[in-house]
Amino acid sequence: MALNWIWIAFFAIAFIMAAGRTILYGDLAVWSDIMNSSFSQAAFAFEISLGLTGVLTLWLGIMKIGEKGGVINYFGRLISPFFSRLFPGIPKDHPAMGAIFMNISANMLGLDNAATPMGLQAMQEMQKLNDKKDTATDAMIMFLVLNSSGLCLIPISIMMYRAQGGASNPTDIFLPILIATAIATLVGLVALCIKQKIKMDWVIWSWLLGIGAVVTAVVMYFNSLPADRVELYSTFAANVILFCVIIAFIGAGVRKRINVYDTFIEGAKEGFKTAVMIIPYLVAILVAIGMFRASGALDAFTSWVETGVGALGFDTQWVGALPTMLMKPLSGSGSCAMMLDVMKEHGADAFVSRVAAAVRGSTDTTFYILAVYFGSVGVMKTRYAAGYALLADLTGAVAAVIVAYFFFG
């Protein structure tokens, strides 16, 4: 229901802004901008789906091999003490557990192209347990919020963009992003545990402390490396791990004496169907976002915030990163464009550029995730998923600004 009203609000605010600009300033072109944006965003949504088709076909084929080879179930048993508490509605040995683990692991390594197909596989497995096929289960919502908070140990893409922008030390944003995304994940997880009445026992806390130890170890290791080696080593580690997963899945299939090729084709066909299924959901979200942005509502809000912050006597340097912050839950490409625009205008080493990069890497793209993941299984009633995902987004953005001031202010 929350997503329904948010979607309506995008159109309503865009109309009010356009009407105001026409009445007050005689701006007639804004209506053309809005409608042109709706057409271009609809085409863009199809392009995204088309681009995902190959990736989904590949990875759902690989996942099918892992499922029949027993690897997914093995991962499910491995993390069942922790996940069985976070996802009490999923049986311990269900394939969904392994798919969830694979998805979250891929996200932590910054492997977006691999994480999405694994996440869609997890949603399809959870849908098999869903008695109300059009309504999100508690387990689905927990999974979506964990994805939205976007815990990432290696923000490869952000460091790459900073390097291309001419930053003197492209990796200096690594630690602020890691801290911000860890805080967002923790807040989202704890808030949902309270909402879903999940008891935070010693098992959950021990796993959280273990994840915290891993984050700390990663921070200490990469902090000890020369600046020019951080991106190289992080990219190397992520890709080696990913290729090892593929080899492990194929090896497990051979060991089980299954026809690996035919199994891959079986899963690949599911990937193609999934890519087609998500097109309407992507069009709905991206068109609404595009019209909202084209109306000038985003720019107006940024201007109001900067005026208000200045009037209160606070530092306004970070406000230049606000468009990135506001666009982040709405569009990954949009927030990336906002970040690059800030870097182009102020320079990659400017404080506001570092804030924008930290915000960009602090969480994932909430509405894209909601549209793709729920759309892939036909869930229309998302319940409170959007609200708690946005809570994680807000937490990550605020944490990113504060941490940026601590490191660079």
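1. K195 sits over the face of Y384, 5.0 Å from the ring centre. R354 does likewise with F408, at 4.8 Å from the ring centre. A charge is taken to sit over a ring if NZ of Lys or CZ of Arg is within 6 Å of the ring centre and within 35 degrees of the ring normal.

2. Basis of the note. This is a predicted model, in which local features need pLDDT of at least 70 and side-chain atom pairs count only at pLDDT 80 or more, while totals for chains, interfaces and linings use all residues. Residues are numbered from 1 along each chain as its sequence is written, and side-chain values use heavy atoms, with hydrogens and water left out.

3. Aromatic pairs. A search of the whole structure gives twelve of them. Rings of Phe, Tyr and Trp (its six-membered ring) pair if their centres lie within 6.5 Å; planes under 30 degrees apart count as stacked, over 60 as edge-to-face and the rest as tilted. F82 and F83 make a tilted pair, with 5.6 Å centre to centre and 40° between the planes. The pair of F83 and F87 is edge-to-face, at 5.5 Å centre to centre and 75° between the planes.

4. Ring cluster. F82, F83, F87 and W207 are linked into a cluster by ring pairs. F82 and F83 are both buried, and F87 is buried as well. Buried means under 20% relative accessible area, exposed over 50%, and partly exposed in between (1.4 Å probe, protein chains only).

5. Nonpolar patch. I179, I183, F406 and F407 make a nonpolar surface patch of about 390 Å². Helices α9 (174–195) and α19 (385–408) each supply at least two of the patch residues. F407 is in α19 and counts as partly exposed because its relative accessibility is 35%. Patches are made of residues with over 30% relative accessible area and no salt bridge, with like charges joined within 9 Å and nonpolar side chains (Val, Leu, Ile, Met, Phe, Trp, Tyr) within 5 Å. A salt bridge is a side-chain nitrogen of Lys or Arg within 4 Å of a carboxyl oxygen of Asp or Glu. Accessible areas come from the Shrake-Rupley method with a 1.4 Å probe, and for residues only the protein chains shown count as cover.

6. Helix α18. Ten of the eleven residues of α18 (residues 366–376) are buried, so this helix is largely enclosed by the rest of the structure. Among the buried residues are F367, I369, L370, Y373 and F374. After α18 comes G378, with a positive phi near 75°. Helices (H or I, at least four residues) and strands (E, at least two) are DSSP runs, numbered from the N terminus.

7. Positive phi outside glycine. K197 is not a glycine, yet its phi is positive, about 55°. K197 lies in the loop between α9 and α10 (202–224) and counts as exposed because its relative accessibility is 75%. R257, also not a glycine, has a positive phi of about 60°. R257 is placed in the loop between α11 (227–255) and α12 (260–277), and is exposed, with a relative accessible area of 78%.

8. Cysteines. The structure holds zero disulfides, a disulfide being a pair of cysteine sulfur atoms within 2.5 Å. C193 is buried, at 1% relative accessible area, whereas C244 is partly exposed, at 45%.
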